[in-house]
Amino acid sequence: MDGLVLSHPEQLERLRRVCPEAEKTSVLAGDPCFDRMLAGRRHRERFRRALGVRRGQRLVVLNSTWNPEGFFGNGGGQDVLPGLLPRLASELPADDYRLAAVLHPNIWYGHGPGQIRVWLDRARRGGLTLIDPVHAWRQALLAADVVLGDFGAVSYYAAALGIPVLLAAATRDRLDPEAPLATFVREAPRLDPYGPLRGQLEDLLAGHRPPAGPAEFTSSAPGASAGLLRRLFYTLMDLPEPAAPALLEPLPLPPYEPPRRTAPLDVRTHVGTRARGADVTDVRIERSTGHPYDTAHGMPYDTAGETHRAVHEDTRDPGDLTSADVIYRDGRPDDPRLGGPAEWTAEVLRRYPHCSLAGYVTGPHSCTVRAREYGMFQLSAAPGADADPAAYASALHAWLAGGGAVPPGGVTLRVHTAGRVHPVTVTPATGTGRPRSAAAAGPDSPGAQSPVPD
């Protein structure tokens with residue numbers, strides 16, 4: 001062996017005790033992986049936007065190492081993850097939290113991408129995003145507000161970056177008891193998989209104090225690994241080192257990948273007292289995939305509010321659409337497959353008599369809707385608003401159902417979600433005549449006998 005690269009002197013001390021003959025080839029050269037993350041910190045907001053994390057939302061990154069006792073294994077005696085994922089989706093409001101998972105590359109290799117996606121299909125339909133385990137995990141870590149993980153390196157890197165970590169699998173049997181990682185695992189807060197999840201995350205965030213150990217022991221030369229490693233490599237090749245500075249490749253900006261929730265959403269709303277006859281009204285909204293177990297952290301107006309069900313058109317079970325109050329989807333306004341917002345919304349209301357409002361999300365901040373008894377409206381985020389336009393559609397549905405009416409000049413809804421107020425302008429949509437497909441539809445077409453009001 002010509003060279004053994006170590007990132008910190010404490011590793012050299014442990015190596016000296018167990019294998020003293022390796023000391024002469026050991027070189028302290030920092031940690032290039034950690035250095036790339038340190039350099040990428042300035043792009044945290046870009047990485048969050050790439051994952052579709054909106055202002056006020058908290059990104060929870062689940063991570064698992066490659067080990068039978070890891071988070072994606074049996075958790076050290078109990079199969080934690082399968083029961084945890086649906087509860088995370090139901091207990092964490094969809095507009096308050098964003099979920100992503102980083103699984104070790106060997107998990108993907110060992111089981112195969114198809115099997116991984118099958119196992120996590122329900123969670124993915126609830127909004128979980130699977131992160132590229134090679135090219136994008138560092139960016140997801142930098143974007144995270146909370147890491148829910150195990151005793152692997154990703155959890156330790158997160159702690160070194162000052163990100164709150166909650167351990168869901170914390171076996172120490174495979175760790176050197178004298179290693180800093182083992183100390184971190186002993187001292188890090190634990191997840192109670194059977195307790196209310198939202199409260200545990202909120203308590204962690206409120207009381208978080210970054211531990212000193214991970215930041216100290218991850219690298220003894222933060223930001224300097226490129227130069228140290230290049231010097232070692234050129235020395236081993238017996239070549240003169242270039243004069244230009246040694247630099248690491250920056251972390252690339254991942255592709256835009258917002259959450260895609262096709263599982264039905266249970267929506268709880270509360271319309272403010274200024275709803276009737278006001279130019280501005282307040283609507284509080286909370287959406288979740290399934291009924292939450294934990295009501296202690298729910299909206300303070302649960303008992304006085306209204307509920308409805310919002311369903312993406314691409315839901316796995318078509319039966320969900322027959323009972324949906326709001327049906328929505330996303331697409332380009334000029335998508336020829338859908339016929340545009342006017343045609344698609346009219347088709348949905350004809351096809352599903354129970355549905356009161358159809359919403360066509362045309363961009364990150366806009367939505368065109370058709371309400372069965374009120375016509376078409378354009379919903380646009382005003383300055384300061386940054387929530388899911390499908391949530392705006394549900395807020396409008398709640399307001400109209402409570403007696404609201406959009407005046408010719410429009411109205412502003414103040415949508416309260418994710419701890420923020422999102423002002424949304426609602427204006428009557430132009431060009432809302434009956435779509436071509438409705439005029440051309442024959443008497444046997446779906447809903448032909450129950451036309452949708454223009």
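A salt bridge is a side-chain nitrogen of Lys or Arg within 4 Å of a carboxyl oxygen of Asp or Glu. Side chains of opposite charge can pair when their charged atoms come close. This is a predicted model, where local features need pLDDT of at least 70 and side-chain atom pairs count only at pLDDT 80 or more, while totals for chains, interfaces and linings use all residues. Residues are numbered from 1 along each chain as its sequence is written, and side-chain values use heavy atoms, leaving out hydrogens and water.

**View 1. The whole chain holds 26 salt bridges.** The chain has 17 helices and 16 strands. These are DSSP runs numbered from the N terminus: helices are H or I, at least four residues, and strands are E, at least two. Of the 454 residues, 52% are buried. Buried means under 20% relative accessible area, exposed over 50%, and partly exposed in between (1.4 Å probe, protein chains only).

**View 2. E91 pairs with R87.** Their closest N and O atoms are 2.8 Å apart. Both sit in helix α4 (residues 80–91), 4 residues apart, so about one helical turn separates them. E91 is buried at 2% relative accessibility. R87 is buried too, at 14%.

**View 3. R260 meets D314.** The N to O distance is 2.5 Å. R260 lies in the loop between α13 (225–237) and β8 (265–271), and D314 in the loop between β10 (306–312) and α14 (319–322). R260 is partly exposed at 44%; D314 is partly exposed at 33%.

**View 4. D282 meets R414.** This salt bridge spans 2.7 Å, N to O. It links strand β9 (residues 280–288) to strand β15 (residues 411–417), with the partners 132 residues apart.
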